[in-house]
Amino acid sequence: MAEPESESGEIAAALQRLKTDPASLVATNSAEEVAGRAGQGVPPGTDIKVDEGSWEPDGAGGGVIAVTLTPPGGSPQVYAAVMVLEDDGWKVLATAPVEGAP
């Protein structure tokens with residue numbers, strides 16, 4: 001099993017693909033619900049910052065990490081990203097906005 005620090009770095013790298021290939025990050029269990037809309041929440045030019053120190057593994061091949069998305073000309077919004085490790089890498093199972101985050 002990978003160390004949490006190693007996992008968080010891998011996840012941070014994966015989440016950068018939101019800029020170029022958001023569909024590649026959709027978890028198998030979420031694919032039907034997302035149905036081709038993976039990029040709608042990440043307009044071109046969005047800045048993506050992953051708080052690697054926030055990674056909380058669940059011990060079952062996934063966990064939650066904080067990611068801040070700042071669209072061009074917009075305000076930053078922090079999300080909790082529920083991540084799952086699939087055969088081809090880390091995927092996003094779900095996201096939820098973090099209310100009151102700085």
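Contact here means heavy atoms within 4.5 Å. This is a predicted model, where local features need pLDDT of at least 70, side-chain atom pairs count only at pLDDT 80 or more, and totals for chains, interfaces and linings use all residues. Residues are numbered from 1 along each chain as its sequence is written, and side-chain values use heavy atoms, with hydrogens and water left out.

**View 1. Ile65 and its neighbours.** Leaving aside residues up to four places away in sequence, Ile65 touches Ser8, Ile11 and Leu15, among others. Its contacts also include Val50, Asp51, Glu52, Ser54 and Trp55. Tyr79, Ala80, Ala81 and Met83 are on the list too.

**View 2. The largest nonpolar core.** A nonpolar core is a set of buried Ala, Val, Leu, Ile, Met, Phe, Trp, Tyr and Cys residues joined through side-chain atoms within 4.5 Å; buried means under 20% relative accessible area, exposed over 50%, and partly exposed in between (1.4 Å probe, protein chains only). The largest such core has 17 residues, and Leu15, Ile65 and Met83 have the most contacts inside it. Two or more residues come from each of helix H1 (4-15), E1, strand E2 (62-70), strand E3 (77-86) and strand E4 (89-97). H1 gives the most, with 4 residues. Helices (H or I, at least four residues) and strands (E, at least two) are DSSP runs, numbered from the N terminus.

**View 3. Pro22, in the loop between H1 and H2.** Is Pro22 buried or exposed? Pro22 counts as buried, because its relative accessibility is 16%. Beyond residues up to four places away in sequence, Pro22 touches Arg17, Ala38 and Gly39. Pro22 and Gly36 sit 14 residues apart along the chain, with 9.5 Å between their C-alpha atoms.

**View 4. Pro44, in the loop between helix H2 (31-34) and strand E1 (47-57).** Pro44 has 73% relative accessibility, so this proline counts as exposed. From Pro44 to Leu18 is 26 residues in sequence and 9.5 Å in space, C-alpha to C-alpha.

**View 5. Stepping back to the whole chain.** The chain has 2 helices and 4 strands, in the order α-α-β-β-β-β along the sequence. Its C-alpha trace spans about 40 × 30 × 20 Å along the principal axes. Buried residues are 30% of the 102 in the chain. Of the contacts between residues at least 6 apart in sequence, 41% join residues at least 24 apart.
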